[in-house]
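Please look over the structure shown here before reading on.

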Amino acid sequence: MQLTVWTYEGPPHVGAMRIATAMEGVHYVLHAPQGDTYADLLFTMIERRDKRPPVTYTTFEARDLGADTAEIFKTAAREAYERFKPEAMLVGASCTAELIQDDPGGLAKALDLPLPVVPLELPSYQRKENWGASETFYHMVRALASPHAPPPGSERPARDPARRPRCNLLGPTALGFRHRDDVAEVTRLLDRLGVDVAVTAPLGARPADLARLGEADFNVVLYPEIAATAARWLERTFRQKATKTVPIGVGATIDFVNEVAELAGVDPTPVLAGAHSRLPWYSRSVDSTYLTGKRVFIFGDATHAMAAARIADKELGYKVVGLGTYSREFARELRTAAEAYGVEALITDDYLEVEAKVAELQPELVLGTQMERHIAKRLRIPCAVISAPVHVQDFPARYSPQMGFEGANVIFDTFVHPLMMGLEEHLIGMFRGDFEFHDEAQPSHLGHGAAPSPSPTQIKDAEPEKAQLALVSKEIAWAAEAEQELKKIPFFVRGKARRNTERFAEERGLSTITVETLYDAKAHFGR
Amino acid sequence: MSALANSAAPPQPGCTDAPVLRERGQREVFCGLTGIIWLHRKIQDAFFLIVGSRTCAHLMQSAAGVMIFAEPRFATAIIEERDLAGMADANEELDRVVTQLLERRPDIRLLFLVGSCPSEVIKLDLSRAAQRLNTSFAPRTRILNYSGSGIETTFTQGEDACLAAVVPELAQAPTDAAPSLLVVGALADIVEDQFRRLFADLGIPVDFLPPRSSQELPAVGPNTRYLLAQPFLGDTSKALERRGAERLTAPFPFGAEGTTEWLRAAAEAFSVDTQRFETVTAMGRERAKRALARYQEELAGKSIFFFPDSQLEVPLARFLSRELSMKLTEVGTPYLHRQNLAAELALLPEGTTLSEGQDVDKQLDRARAARPDLTVCGLGLANPLEAEGLRTKWAIELVFTPIHGYEQAGDLAELFCRPLMRAERLEV
């Protein structure tokens, strides 16, 4: 058993729901106990969809367990077909139904419904949401596109030069972080390159669209967590190459344009010459100078975490001090990325472990998920959201892609906004005793909320400094005047200063930290 | 209309004998785990550890995540594949997780092990686990267990199961104790305080279950009279009666009338002088009526349809029809406790369509056919129905908002009025 306060991903059948809900003409019959319909409100409330997800739940109860739950499933599948008349059906089990072993796939087959039925085997006690989405998408693609596959070993016929090259966009789902606007942004970018989009899937696709995936010249994998498996199968089956670069950030978008140009046989120069992201100028303008070396901790799904790290390091001039992901399937890629920044990768789905790491590293900015918001709020560190899981505020009404050149504009604003603005940061450093603008107050451009008062039951939430900064060594004490001096260091770097000073003292076997020690450590470590 | 038209019994008022449409099929409801979302705030030194799957953890954070940024007083021990291999192993794992949790949160005085669908299907005996853990952790931390699983409980029944598990923990009141009143059901703190003042003015000694701290559990015995503040507490009632407590029958304290009759039931049981009762309740009743008058015009004559959710549907339908003149099209409830709702059913207008349970697609067909002015439903249905042009009131809010008692009568009406006013106000 794993003690879980927050979970980064839902169970795998929620991933399957994200595929079914993203598509048109698909229905998902899910063998599940009463109550599992809570998942509907992820789509109707968080994503604000105006239709019920195309999911029929059997919602069996305890009294049904003695009877025939298999019969309940068959009735639900039959009635769902008759009522909704889908073009394809997914059938599967939730975690509880997995335990009672009714075999939805076999039962649905016995019904002999006149449409493609794709059975899903999603092991709930081993795997999670993104894997469930990936697996579901792969099985859907395989079931629907297989009949159109050329004989094995045959070459792709050359593209008719009379038509523009075309690709599929793979990976966007329901409940995906900014998927809606990423698709719009990338579609526009491809159009400027002279590349058409044949099928976008699963988002907005019908089963018939999946059947013609093989007709495109190549595939664009927007979200590897969802579509890498399906893209690999398409490559084997239809000889379609797939893009490797995810176009999040200016540099990554330029790489992506070059990669697509290569695959499509088009000239990227006009698009790149007209590349109009404002991020490069905003980041070079002098008001961004104070961002240099800001220590940032990054956590999320692997795709967004790695993209954010590149932007933070190469495009904003931050210093990446921590990089991690909950996407175990992409641990290797993320480890390689982390090495490039000289940090150790954190591969975990344990929220408590992430929290401990943030407390230890004392970053000045956290880029993460909804969960890192909880952590950052508790430790009073500025935070921006870069990845699912996210809440309703991250399904905004306005156009807010992460991808492409406009995505980079959105990201610049997002990654800078939570930080204290430059002038305020200077003044806080110079004048400590201001009754209004003191360093425990949040940045004044975020309004004047007083620091949240800790509740007595939140033992760990008491005075954040004390909560997170247990002494490195019990042997070391702070002299009173050194403690006073430490308080004169601005709040957002104070934690780091405290840790460095204690480490410095420990390494030298000092038992008391004086003002001298504090400044010796500062000289030793730099900022 | 009455199914018993040719029976020998005298005709009963309202809907006492009304037929009930019983449906089986897909149910669009929460499981009992969701009760934790308000219970963990009510009982401040309690912690709720769900023993379940990732789905359970996901449900809790989806339902509560938007509200809770601090570390909440609930968590999930997620069953993994290796736990499914052998029972002894799962128990050791549970002990390890509980130890880890109590080390992390030494302030916890009461720990609930909450059963879920997966833990029940694999027959993990949490009641025995609780007994075993008590030998290690009591008296510092008391460990109890109940089931919040979807296969056993619907939404608010989670509170019922939780409180029923607490009842055996209550001290035994001596047989010669003076009669006292117990108000049962988690109420908003402000509502609890208002009721305390009213009972004090009536001269009735009162306790509340659940209390705000596990260290303040009331005593119970044969001289305890109890009033349900919530309609979904069937198992808790039975548990209290086993301890000798006696139930007072009353409608639920919604609106001016409901609150008055609820208080009257207590006043009569404690032989409070009629004059005194009138004096004590007059002000609140007057204020409630004045507050309700503001919403009369907007709500009178409007039709309302209830999808099943919390078992609050029947009392709320009674309040909306009798005090605000709304027309009831269908009143759906997950369970219809005839005994708990006896006083309510008698007050419902005759001919009201009652339904118990759900086949959600068929019920949606009925709602679409009826085109009610307002539909009370869960969050999985609300936006889709809005998109179809039906105005909705999402039901869960009725559990998360102070709605009981005189001072909240206007707020309760306003909750139903707001979607209608909003629809009138929006021009785009």
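The questions and answers below turn to confidence, inner space, a salt bridge and peptide geometry.

This is a predicted model, in which local features need pLDDT of at least 70, side-chain atom pairs count only at pLDDT 80 or more, and totals for chains, interfaces and linings use all residues. Residues are numbered from 1 along each chain as its sequence is written, chains are lettered from A and ligands numbered from 1 in the order in which they are written, and side-chain values use heavy atoms, leaving out hydrogens and water.

Visitor: What pLDDT does chain A average?
Guide: pLDDT is the predictor's confidence in each residue, from 0 to 100. In chain A, 90% of the residues score at least 70. The average pLDDT of chain A is 90.

Visitor: Over which residues of chain A does pLDDT stay under 50?
Guide: Where pLDDT is low, the predicted coordinates should not be read in detail. For the stretch in question the model has 40 contacts (heavy atoms within 4.5 Å) beyond four places in sequence. The stretch of chain A with pLDDT under 50 is residues 449-472.

Visitor: How much space lies in the largest cavity?
Guide: A cavity is a set of points, on a 1 Å grid over the protein atoms alone, where a 1.4 Å probe fits but cannot get out. A volume is the space filled by probe spheres set on the points, which are joined across faces, edges and corners. The structure holds 10 cavities of 30 Å³ or more. The space in the largest cavity is about 400 Å³.

Visitor: Which residues that line the largest cavity are the closest to its centre?
Guide: Lining residues have an atom within 4 Å of a point, and the largest cavity has 32 of them. The closest to its centre are Tyr8(A), Glu129(A), Ala388(A), Pro389(A) and Val390(A).

Visitor: With which residue does Glu129(A) form a salt bridge?
Guide: A salt bridge is a side-chain nitrogen of Lys or Arg within 4 Å of a carboxyl oxygen of Asp or Glu. In this pair the closest N and O atoms are 2.8 Å apart. Glu129(A) lies in helix H7 and its partner in helix H1 (residues 12-22) of chain A, so the pair ties together parts that are 111 residues apart in sequence; helices here are DSSP runs (H or I, at least four residues) and strands are likewise (E, at least two), numbered from the N terminus. The partner is Arg18(A).

Visitor: Where does Pro139(B) lie?
Guide: The peptide bond from Ala138(B) to Pro139(B) is cis, with omega near 0°. Pro139(B) lies in the loop between helix H6 (126-137) and strand S5 (142-147) of chain B.

Terms used: On a 1 Å grid over the protein atoms alone, a cavity is a set of points where a 1.4 Å probe fits but cannot get out, and a pocket is an open set with protein on both sides within 12 Å along at least five of seven lines; lining residues have an atom within 4 Å of a point.
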